[in-house]
Structures are given as C-alpha cells and as structure tokens.
Amino acid sequence: MKMMQRIMSNIFFTTGLMMGFLSFRCILDSNLSMDRPGLQHAHGESNSSADESSQTTRILCWIMTEPKNLESRTKHIKETWAKRCNIVLYMSSVETDFPTVQLNVSEGRENLYWKTIRAFQYIYQHHLDEADWFLKADDDTFVVVENLRYLLSKYDTEKPLYLGRRFSPFIRQGYMSGGAGYVLSKEALRRFIKGFDTGECVHFSNIEDMALGKCMETMKVEPVDSRDVRGRQTFHPFPPDQYLIKQLPRSRPWFLTYDYYTPVEVRTQYTNSC
C-alpha cells in the first residue's frame, strides 16, 4: 500500500512539473508573440522573411587573442559561441595549431590598432567574398550569434555600415567600443582597406576602437543605432555586474558617461543596461 502511495505521489509530482513547464512555455510564447508586432513594424518586414534572411546572413568572426590567452580564454570561445559563426579566425602574433593566424605585429596594448589593421587586411585578402559581415571581438567577449545574425539581417552589407556600442568622445560621429565588439559591413571593410591604401586613414593612435572610428568617419561609413525597439543596448563593453545589479539613485557612473545615447534611469536601473 505504501509502495503504491509512493508511486502515485511520484506520478503527481512529475505531472505537476510537466504542467508547470508547459504553462511557462505558453506564457513565454505568448510574450514573444506580443513583442513581434513591434519588431515587425520597426524592421519593416514580416517575421518569416526576417527569419529567412537571418539564416542566410553570413558572419565572419575574428577574435583578437595572444598566445598566453589561448588556454585561459580563447578555447572557451572556440568551444561555445564561435561554432555559430560561418567563419572563425583567431588573430595572434604567432601561428599555432589552435589554429591562430600569425600577424606581423608584436603583442601589447600599444599594438592593438596595428593588430586590427593587419587582421582586416588579411580578411580582405583571403575571405572578403566568404561572408557578409565581419565581427571583431576580444578573447574575453561572449556573443549570442543568433541575435547578432537577426540584427544584421535587416541591413544591406553593400552599404557602408558599422555597428556596436556607440561611444561619444573624441570622434564627431562617435565610435564603437572595442570591448563590446563591433561589426563592419562588406562595404565598410572595403572602405577601411581603401583608406589605408590611399593614405586617407593612418595609424595615429594606440587607442584601437577610437582610431578605427576615426577612419570610419573619414571614409563616410555610417554608424548604426544597434539598440533594440525598446531603446535597450545590445552591445555591452563591461562585465554584467556593472549593468544588472540594482544601485541606489546616483550620478551616472563613469562607464555610462561614454555612451552616445543618453541612458534613462528607471527606479534603480538604466533601461539600456538590462
């Protein structure tokens, strides 16, 4: 009798878990469907066409790394989100069987922009026609590639476009944070290479993201507003704890003072930091 009661109890418990899970899925699907009309309106296309275009959007991901970080950082990218890119390249100062691509640049923060220049030159020479968009990320970055592909599917890669977390200082049109990762369209990549070929762009600073942003401005590459339909940022240059943990009312923290778009405080959080 006790055995039967225990079996029935387990059946009821399992059934409850299943019902709870199904209810959660229904609620989640309902919320997503409620959000979709807004997305459709903002994107100017149907959900089905957006989904189809996102599946055909080819992304080349290149990771800026160095020999000492391959085991502690880069291998975790290789085993996780990098698998979702169409092409992945790991740019370093030496060639290894990781594999890494050897660039003719020494390691060190003072050489980050040279490393970026050489990486894009390599990509232009060897992979230009194999991808539509070109993502640069550091070896401590995490990317949800499916979300990025959906975002990029709305845009034409043959236009000079440049996406990321837009910062405001130093450059009139702003520039994209290197720590958050940034994306160049195919035409933007062409113009970047042309800028150095013609001398319109030069290596004038060790601040990689700002210097690249200056070249983008010079070559008339348009910075894209990559915020979502609710005005929330989709690229984040700092660790999650600096965005997600609630804070008491205060002056805007230093890591938000660079933002091109003014953050809006809601109670104890910033709406663009969720």
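Buried here means under 20% relative accessible area, exposed means over 50%, and partly exposed is what falls in between (1.4 Å probe, protein chains only). Helices (H or I, at least four residues) and strands (E, at least two) are DSSP runs, numbered from the N terminus. The model is a predicted one, so local features need pLDDT of at least 70 and side-chain atom pairs count only at pLDDT 80 or more, while totals for chains, interfaces and linings use all residues. Residues are numbered from 1 along each chain as its sequence is written, and side-chain values use heavy atoms, with hydrogens and water left out.

Overall, the protein has 8 helices and 11 strands. Its chain runs to 274 residues, of which 43% count as buried. With contact taken as heavy atoms within 4.5 Å, residues 24 or more positions apart make up 70% of the contacts with a separation of 6 or more.

Two strands pair if DSSP finds at least two bridges between them. Axes are lines fitted to C-alpha atoms, for helices over the stretch in contact, and angles run from 0 to 180 degrees between N-to-C directions.

Strand β1 is mostly covered, with 6 of its 6 residues buried. I59, C61 and I63 point one way from β1, while L60, W62 and M64 point the other way. On one pairing, β1 runs parallel to β4 over 6 bridges, and W62 has K136 of β4 as its bridge partner. Strand β2 (residues 87-92) also pairs with β1 in the parallel sense, over 5 bridges; there, I63 is partnered by Y90.

Strand β8 (residues 182-185) sends Y182 and L184 one way and V183 and S185 the other, and all are buried. It pairs antiparallel with β4 (residues 133-138) over 4 bridges, and K136 stands opposite Y182. Strand β5 (residues 161-164) is joined to β8 by 3 bridges, again in the antiparallel sense, with L163 opposite V183.

Y182 itself counts as buried because its relative accessibility is 0%. Leaving aside neighbours within four places in sequence, the contacts of Y182 include T116, F120, F134, M176, E208 and L212. Y162 is 20 residues from Y182 in sequence, and their C-alpha atoms are 7.3 Å apart.

Finally, the helix pair. The axes of α6 (residues 186-198) and α7 (residues 208-218) come within 9 Å and cross at roughly 95°. The two are therefore roughly perpendicular; angles under 35 degrees count as roughly parallel, over 145 as roughly antiparallel, 65 to 115 as roughly perpendicular and the rest as oblique. A188, F192 and F196 in α6 meet L212, C215 and M216 in α7.
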